[in-house]
Amino acid sequence: MIDYAETRVGLRDLLRELAMASGVVRVLLLARSGGEWWERLSTGDIGIRALLRNAHNGVPLAEVVASDVSDAELMEAAVPRFAAALGVTAPESVELASNAGRARILDLHAAALVAVLHARHIRQQDQGATTIVRVQVAGVLGELLEHEAKFWMGAADRAGLFQGAVGLTPEVVRRMVAAGALLGADSEAEAVDLLGRVPGAPRTVRLAHWLRDLYPPYPELPGTRYGHWLGLLQPDRLAEHHTVTELTASPQLAEGCLSHLSDRQALRAVTLLGRASTEDASAKALLERILPLVERIVAELPADAQLLAAISAAMPYPSLTFAATDAAVIERIIEILPPAPSSQRGTWLTVLGGRYWQLGRPDDSLRLLQEAVKVFRELAETDPDTHRPNLANSLAILGSQFSMQSHPEDALRVMREAVEIFRELAEADPDTYRPELAGSLSDLGFFIGTNRPEFALHATQEAVEIFRELAEADPDTYRAKLADTLVGLGKRFIQTNQAEVALHATQEAVEIFRELAVADPDTYRPELADTLAGLGRLFIQTSRREDALHATQEAVEIFRELAEADPETYRPELADTLTILGLLFSVQKNRPEDALRAAQDAIEIFRELAVIDPDAHRPNLARSLAALGSQFTQTDHSGEALRATREAVEIFRELAVIDPDAHRPNLADTLSTLGSRLTQTDHPDEALRATREAVEIFRELAVIDPDAHRPNLADTLSTLGSRLTQTDHPDEALRATREAVEIFRELAETDPDTHRPNLADTLSLLGLLLSVQRHPDALRASQEAVEIFRELAETDPDTHRPNLVRSLVIEGSVRLYFDQTREATRCVAEAHEIAGEQEPVDIPNLVADALRRSYEQDADGIQTAWHEVTSKELPPWLH
């Protein structure tokens, strides 16, 4: 009889010898599971194949008693057997106390043994006592260990280990047994080293042999690496229970036994703690400490799917550090599982697909997820009641993967199938599947929102309706999910250009999270902070800057508190939100110092994070540096602004070499900003070079993705026109500005709300450039700009009246080039009238000087023109 057959390296040699032997030998192989190890034996050499051909294989041994035999009946059968083995009288009666459900056979046998030991103890105390014993199944392992500990202590006392130079304590003896059970030893020397891991135990050969005599090794199959110079505390669950108890109670013992392990020791420790962790959270915490060792020994771990699943469950997820190791463990699980379709196989294929995506293997991820769908589809055909929910879940996951790999139509197809399955299931069993239907609708909206915004909006609206109904019936379970889905609904409204409606959905989500955070701050304050930050961004989009500032400030306060308690998780969120807060302060009057402080705080955090994880945080650092440049500019620190922007450009340039698709747009944006900083610090030629490079990058990007990058190209071309004018390149400036106007005109036809202001600004610049050459189109361009801003100011005066004022001054400048002094005066007068006394108009010196000269030559005409518009006298600066 060979226990743990899946772990026996020499099993093939043993079976080969048996195949060639004469006579009859019966072999019983016991394993935690079938699968890969059995497949390999069955495809071995001809002798082994012949031996196994008629084997009765794959009989599962039930963990619980058969349904026709009660736990009490098993106890009645087992108690006298244990009593006979120990040579004592069985107890007269045994009362068994167990938790709900059936107990395992091993636990019931352990309970029977404990009952016999209790009865023996009672008789030893009182020969005539009635032996009625009550045993609690949940505590039998602990009780057996107490009996076993008496054996250890007696052996130690007889060996004189509690006296003299050795002078052990019972605590040290317990720890020595635990260390031996955890790590074992292959030799006397290794056993002596093992004692050095136990606090208080001397490293002596005598003590190593005492430990060996306590549990003598039993004959081992050839080729094993499992460390059997020392024997094993049996059964395994007893060894696991004792080891975990001792390691948890002694941090020094845990440190000694879980550090600096050889491959053999790591294999044994991972195996024991992995099996124990399926039932004991303390074992899982210990296992997590040695997870980095799993990568070294994953190929040698026992072919035990339950053990490997426990090791995988202990892996932190998501984690780049452990992703490859976790994937290797899951690959072993899939190898072990029978190849036929099964729910286990489909589930592990799905999990492995997720790990491959995390490891940057998208094609392998997609292949495995498709295979998982195939498995569940086959299972659902034969047993739809059991497996259609699994099929729907796997389809939803496959759809998300299609979406992330830019296959929107495939994503839509499989996610719609998932939704339809859940819809049918919800009709038959609404209590179970309406939440699943709502979740799948929400996922559908999330993953196809970019490509099919209207469809995504309808799906998310239906999800919100379902979660709202569920939350009314069961608020504790579903209000948080309702809030999450409302956040998603806000994003879907943004994608369909409905910012105001998005605002309402997000505000409702904030209020729900605010209430939930009062009752459970640890869970929901992070959600509240994140949703407040999103609400702040929505307020920015809807031009409600004061509201945006309040929401973002509250988000920063919460993230700051969270980051003090858990900096690894929340410092990135804090830095992101500080960056936005700095930008909001920068557009507030009299808040430039606050803006600068927020931006500097964000930079400090991102700089530290970028040292720890440059791949994740250098892009954020570069973005924050660019924002810091803006804050420095507003506080008249132009040199610091230039330095911050230069550093941002350098970082984005390096990132763009590694990942051009992700970072070339950022590089171009920051180059354009750098051009502005260089202009402000009187470096016109360098500013021109930076802006030209930005234009070239955006031109290339616009060929690949015109919808995303043509607006940026047009904007940067307009800026280039200004730079070229400043550096005395009038013809090239004119070409760049004309191209910008053409692009903005096309864009304004499809999205006038976004691009008509940009078109008008660029037309004003074009008018100025043409007027220098006295080109007849100059006046048409500047007049068109004024008319656009006039229309825009009627619908949104707060935003566009300043633009209208500026465009009128520019039109006046253009008219002066054509000697239309009275018309120019009317333009400037209208600008003054619109701005009012509280907002002085910025009149360029050249324009003011030209108007003054016109007044000297035509005082009455200029006075009349001004009065016709304002009904006021000329301002002092003009005469």
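Visitor: How much space lies in the second largest pocket?
Guide: The second largest pocket holds about 1600 Å³ of space. It is lined by 32 residues, and those closest to its centre are Gln541, Thr542, Ser543, Asp753 and Thr754. On a 1 Å grid over the protein atoms alone, a pocket is an open set of points with protein on both sides within 12 Å along at least five of seven lines, a cavity is a set of points where a 1.4 Å probe fits but cannot get out, and lining residues have an atom within 4 Å of a point. Grid points are joined across faces, edges and corners, and the volume is the space filled by probe spheres set on the points.

Visitor: Before we go on, what kind of model is this?
Guide: This is a predicted model, in which local features need pLDDT of at least 70 and side-chain atom pairs count only at pLDDT 80 or more, while totals for chains, interfaces and linings use all residues. Residues are numbered from 1 along each chain as its sequence is written, and side-chain values use heavy atoms, with hydrogens and water left out.

Visitor: Back to that pocket, which helices each supply at least two residues of the lining?
Guide: They are α24 (499-519), α25 (521-541), α27 (567-586), α33 (706-726), α34 (730-750), α35 (752-772), α36 (777-795) and α37 (797-817). Helices here are DSSP runs of H or I with at least four residues, strands are runs of E with at least two, and both are numbered from the N terminus. By class, the lining has 11 nonpolar, 11 polar and 10 charged residues, where Ala, Val, Leu, Ile, Met, Phe, Trp, Tyr, Cys and Pro count as nonpolar, Asp, Glu, Lys and Arg as charged, and the others, Gly among them, as polar.

Visitor: And how many cavities of 30 Å³ or more turn up in the whole structure?
Guide: The search finds one cavity of that kind, and the largest cavity has a volume of about 80 Å³. The elements that give two or more residues to its lining are α7 (170-183) and α9 (205-214), with α7 giving the most, four residues. Among the residues that line this cavity are Met176, Val177, Leu211 and Tyr215. Its lining has nine nonpolar residues, two polar ones and no charged residues.

Visitor: Changing topic, how many helices and strands are in the protein?
Guide: The protein has 40 helices and two strands. Its radius of gyration is 39 Å, well over the 29 Å that the globule rule gives for 879 residues, so the protein is more spread out than a compact globule. That radius is taken over C-alpha atoms, and the globule rule is 2.2 Å times the number of residues to the power 0.38. Along its principal axes, the C-alpha trace spans about 135 × 65 × 60 Å.

Visitor: What share of the residues count as buried?
Guide: Of the 879 residues, 48% count as buried, which here means under 20% relative accessible area, with exposed being over 50% and partly exposed in between (1.4 Å probe, protein chains only). One buried example is Ala254, at 1% relative accessibility, which lies in helix α11 (residues 251-257). The C-alpha atoms of Ala254 and Leu717 are separated by 65 Å, and these two residues are 463 apart along the chain.

Visitor: Now for charges, how many salt bridges does a search of the whole structure find?
Guide: It finds 49 salt bridges, each being a side-chain nitrogen of Lys or Arg within 4 Å of a carboxyl oxygen of Asp or Glu. In one of them, the closest N and O atoms of Glu417 and Arg377 are 2.7 Å apart. Glu417 lies in helix α20 (residues 408-428) and Arg377 in helix α18 (residues 362-382), so the pair ties together parts that are 40 residues apart in sequence. Glu417 is partly exposed at 26% relative accessible area, and Arg377 is partly exposed at 31%.

Visitor: Where do Asp594 and Arg597 lie?
Guide: Both lie in helix α28 (residues 592-612), three residues apart, about one turn of the helix.

Visitor: Which residues are linked in a network of salt bridges?
Guide: Asp107, Arg237 and Glu279 are linked in such a network.

Visitor: Last one, how many disulfides does the count come to?
Guide: The count comes to zero disulfides, a disulfide being a pair of cysteine sulfur atoms within 2.5 Å. Of the cysteines, Cys257 counts as buried at 0% relative accessibility, and Cys827 counts as buried at 7%.
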